[in-house]
Amino acid sequence: MVTSASAVPRLVVAAPSSGSGKTTVATGLMAALTARGLAVSPHKVGPDYIDPGYHALATGRVGRNLDAYLCGPELVGPLFLHGARGCDIAVVEGVMGLYDGAAGEGELASTAHVAKLLGAPVVLVVDASAQSRSVAALVHGFVSWDPQVRVGGVILNKVGSDRHEVMLREALDSVGVPVLGVLRRAPQVDVPSRHLGLVPVAERQSAAVDAVAAMAAQVVDGCDLEALVRLARTAGPLGAAAWEPGEAPEGTGKRVAVAAGAAFTFSYAEHSELLTAAGAEVVTFDPLRDEELPEGTSGLVVGGGFPEMYAAELSANEPLRKAVAELALSGAPVAAECAGLLYLSRELDGLPMCGVLDATARMSRRLTLGYRDAVAVSDSVLAGAGTRMRGHEFHRTVVEPGAGAAPAWGMRTPERRVEGFVERGVHASYLHTHWAAEPGVARRFVERCRAS
């Protein structure tokens with residue numbers, strides 16, 4: 001069952017490069033519009049888990065990802081409409097530079113690609129801190145590079161003074177793209193970063209609330225909100241129907257525990273929705289605090305996050321580690337991605353973990369990052385052997401060995417490496433996947449919960 005297509009007012013916040021201020025502008029705009037009484041649908045281009053947390057804080061709604069690589073271009077519109085149901089406006093934060101996409105895949109998964117799939121106007125956020133007249137050449141290049149991408153306005157960020165603003169505006173008069181905002185340097189808006197990007201909302205609590213409020217204040221002071229809303233309303237109807245996770249069968253509920261809390265913040269909302277639609281009762285627990293799995297747990301999902309930052313606390317919670325190990329040894333379905341893989345290992349940076357897998361994990365100086373085209377090597381609780389899925393790796397840790405006797409995935413790369421572990425009911429891997437691209441994953445997992 002699907003809903004009819006709708007014309008949700010929407011715009012995409014993009015930039016020439018990373019570090020230009022997209023997150024500040026997008027999150028601040030979401031919060032500012034929400035404060036005006038609008039129901040704002042927050043979205044993020046790409047696989048990023050952290051920015052959507054700030055978006056959710058700004059809007060009071062679940063932050064959702066739009067990834068044309070993980071889910072395919074055909075699902076971008078439907079997933080957008082699913083998230084935007086009942087909303088007055090949608091704000092989509094881009095990724096990297098406007099035209100930067102999956103390596104070697106042209107425009108695929110770029111902000112420009114998603115903007116075209118959504119038929120949405122683009123607002124270009126430019127870091128103007130070290131330029132004046134040259135800003136016109138930069139903006140002209142981004143506007144003219146792809147005529148199908150409609151850049152409807154510019155927001156100048158990190159402007160140093162009134163005189164600097166005048167020089168920038170005069171230069172942009174020749175380009176014909178309106179200036180919709182001018183933001184001055186504001187250190188209080190900065191969000192701390194570490195080895196994998198911004199520090200997640202769940203770890204900052206009141207500080208994150210203050211940061212979002214500061215972003216909103218800066219946008220309200222420096223941007224023309226009415227003009228931005230008018231621009232969003234120029235987006236026409238989408239020729240798509242909203243994505244639906246399905247309808248849960250009656251009387252087949254099994255309890256699936258999903259790890260949450262500060263150490264496990266990486267998850268896509270659609271995963272829980274698909275599990276629910278497959279007949280599961282989804283409950284969350286915090287491995288940092290809870291000493292037992294939720295009562296009646298018949299399946300376990302441990303997604304991504306930062307267990308390396310909480311290794312001592314996770315290790316100290318010995319009762320829960322033993323409960324997880326017992327559940328896995330019983331043959332119950334367990335799905336672990338990245339952080340979950342580390343948690344199931346024998347140890348992390350020398351500290352005892354759950355010991356489900358005969359592997360050790362440690363921090364590394366090397367960043368592993370990128371999209372992956374993968375095929376399931378072994379039959380598992382998530383997929384049958386031969387199932388193809390696209391995923392994403394993003395970590396500064398190493399697990400040794402990198403694969404078990406029955407690997408989880410084979411990567412379709414020149415070296416054809418295998419990765420991950422399939423043991424009993426456990427599927428553990430570094431690969432982050434988006435289950436909306438293959439709804440059978442959630443159904444298969446819940447079916448195995450019923451059978452275990």
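1. E226 and R36 form a salt bridge, with 2.6 Å between the closest N and O atoms; the term stands for a side-chain nitrogen of Lys or Arg within 4 Å of a carboxyl oxygen of Asp or Glu. Because E226 belongs to helix α9 (residues 225-232) and R36 to the loop between α1 (22-35) and β2 (40-45), the pair ties together parts 190 residues apart in sequence. Helices (H or I, at least four residues) and strands (E, at least two) are DSSP runs, numbered from the N terminus. E226 is partly exposed, at a relative accessible area of 40%. Buried means under 20% relative accessible area, exposed over 50%, and partly exposed in between (1.4 Å probe, protein chains only).

2. On provenance: the model is predicted, local features need pLDDT of at least 70, side-chain atom pairs count only at pLDDT 80 or more, and totals for chains, interfaces and linings use all residues. Residues are numbered from 1 along each chain as its sequence is written, and side-chain values use heavy atoms, with hydrogens and water left out.

3. The whole structure holds 21 salt bridges. One of them joins D146 to K116, the closest N and O atoms being 2.8 Å apart. D146 sits in the loop between α5 (134-145) and β6 (151-159) and K116 in helix α4 (residues 111-118), so this pair links parts 30 residues apart in sequence. D146 is buried at 13% relative accessibility, whereas K116 is partly exposed at 23%.

4. E393 and R372 also meet in a salt bridge, at 2.8 Å from N to O. E393 is in strand β17 (residues 388-400) and R372 in strand β16 (residues 360-376), so the pair ties together parts 21 residues apart in sequence. Both ends are buried: E393 has a relative accessible area of 2% and R372 one of 15%.

5. D67, in the loop between β3 (64-66) and α3 (76-83), deserves a separate point. D67 is buried but has no salt bridge, and R390, the nearest side chain of opposite charge, is 7.8 Å away. The side chain of D67 makes a polar contact of 2.9 Å with that of Y371 (a pair of N or O atoms within 3.5 Å; within protein, one must be able to donate a hydrogen and the other to accept it, and residues adjacent in sequence count only if both atoms are side-chain atoms). A polar atom of the D67 side chain also lies 2.9 Å from the backbone nitrogen of L70.

Methods: Lys, Arg positive; Asp, Glu negative; His and termini not counted.
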